Amino acid sequence: MSVIKHKRLLLGKILLLLVMLLSGLTVFGCVGIKSTPEGGSGGVIADGTLYLCPTVKTGSGFGCAAPATVGKLVAVNTSDGSRLWEVSLETSTPAGGFGCAPSASASVVIYGTPAVAGDLVYVGSYNGKMYAFNFDKDEPRWVYPREGNLQAIVGGPVVVGDKVYFGCSDGKVYALDAATGSRFWGLPSGDKVWSTPAIDGDRLYIGSFDKKLYALDAIDGSEKWQFETEGAITATPLVYNSMVYIGSFDR
């Protein structure tokens, strides 16, 4: 009897370990849901209208499936807080499968502050696209790139004259035609670019994960100079009285 009891006890322990292992796989398979980027856009005011980009999750996520993520561009009347219009940039759906892995598009959210110029609102997305919307229009005037995607766009765009400038996680700083979205140039840095550019006259200043601040010609993108720190530079540079001020992760 003791041998039989021992075998039953051993079998019970094995079954318990299997249950714990399967539970652990399920939990770890769903870690991506909690680590999915949430977004964190700032706002910009133009002509009494506040433009911002909240990220809304839809669906219950029942069964550990990731809820759909919808990045929105919203226009709000600053005088009374009423919502004037909104447009969903993209909606994702869970990929399903074992481990509840979300689809790649589940990380489509907005981090950068929108830019407003003329009758267009510009916003970059974590899915690697830059959008330009007319006021009150559900469809974008243009999208860059038209086919495929860049890597994640985290910083906000800046519009000066006929160009819109932004950095990208592919390590490049881009200049597009503000009216059409056609590319003028894309200058590579040594690492991801999460900084929002600063423009002063014909100079563009932007930081990179390669620990450098770059000064570029805003017309053709040629490099004028660079300054190296001991840490990544992700914040927007400040230009004041012919001086450029930056913070770095080197403290």
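Which residues line the largest cavity? The legends below take that up along with the rest of this predicted model.

**View 1. The largest cavity and its lining.** Val173, Leu187, Pro188, Ser189, Ile206 and Tyr214 line the largest cavity. The space inside comes to about 40 Å³. Sorted by type, the lining gives 5 nonpolar residues, 1 polar and no charged. The model has 2 cavities of 30 Å³ or more.

**View 2. The whole chain, for orientation.** Of the chain's 251 residues, 40% count as buried. Take the contacts with a separation of 6 or more, and 40% of them link residues 24 or more positions apart. The accessible surface is about 13500 Å², with carbon and sulfur atoms accounting for 58% of it.

**View 3. The largest nonpolar core.** This core has 15 residues, and the ones touching the most other members are Tyr122, Trp142, Tyr144, Leu150, Phe166 and Leu176. Strands S7 (120-124), S8 (130-134), S9 (142-144), S11 (163-167) and S12 (172-177) each give two or more residues to it. There's also a second, separate core of 14 residues, with Ala75, Leu89, Ile110 and Tyr131 among them.

**View 4. Around Trp142.** Let's stay with one of those core residues and look at what surrounds it. Setting aside residues up to four places away in sequence, Trp142 touches Tyr122, Met130, Tyr131, Ala132 and Val164, and also Leu176, Asp177, Ala178, Ala179, Thr180 and Gly181. Tyr122 and Leu176 from that list are, like Trp142, among the core residues that touch the most other members. Tyr131, on the other hand, belongs to the second core.

**View 5. A cis peptide bond at Pro145.** Follow the chain from Tyr144 to Pro145 and you'll meet a cis peptide bond, with omega near -5°. Pro145 sits in the loop between S9 and strand S10 (158-160).

**View 6. Ile233, a buried loop residue.** Ile233 lies in the loop between strand S17 (223-228) and strand S18 (238-240). Is it buried or exposed? Ile233 counts as buried because its relative accessible area is 0%. Beyond its neighbours within four places in sequence, Ile233 is in contact with Ser195, Gly207, Ser208, Phe209, Lys211, Lys212 and Leu213, plus Ile246, Gly247 and Ser248. Phe249 is 16 residues along the chain from Ile233, yet their C-alpha atoms are separated by 6.5 Å.

**View 7. Ala198 in its strand.** Ala198 belongs to strand S14 (residues 198-200). With a relative accessible area of 11%, Ala198 is buried. Leaving out neighbours within four places in sequence, its contacts are Arg203, Leu204, Tyr205, Thr236, Pro237 and Val239. Tyr165 is 33 residues away from Ala198 in sequence, with 9.3 Å between the two C-alpha atoms.

View 8. Asn241 isn't a glycine, but its phi is positive, at about 50°. Asn241 is in the loop between S18 and strand S19 (243-245), and at 60% relative accessibility it counts as exposed. Arg251 also has a positive phi without being a glycine, near 70°. Arg251 falls in the segment after S19 and is exposed, with a relative accessible area of 93%.

How values were computed. Residues are numbered from 1 along each chain as its sequence is written. This is a predicted model: local features need pLDDT of at least 70, side-chain atom pairs count only at pLDDT 80 or more; totals for chains, interfaces and linings use all residues. Side-chain values use heavy atoms; hydrogens and water are left out. A nonpolar core is a set of buried Ala, Val, Leu, Ile, Met, Phe, Trp, Tyr and Cys residues joined through side-chain atoms within 4.5 Å. Buried means under 20% relative accessible area, exposed over 50%, partly exposed in between (1.4 Å probe, protein chains only). Helices (H or I, at least four residues) and strands (E, at least two) are DSSP runs, numbered from the N terminus. Contact means heavy atoms within 4.5 Å. On a 1 Å grid over the protein atoms alone, a cavity is a set of points where a 1.4 Å probe fits but cannot get out, and a pocket is an open set with protein on both sides within 12 Å along at least five of seven lines; lining residues have an atom within 4 Å of a point. Grid points are joined across faces, edges and corners, and a volume is the space filled by probe spheres set on the points. Ala, Val, Leu, Ile, Met, Phe, Trp, Tyr, Cys and Pro count as nonpolar, Asp, Glu, Lys and Arg as charged, and the others, Gly among them, as polar. Accessible areas come from the Shrake-Rupley method with a 1.4 Å probe; for residues, only the protein chains shown count as cover.
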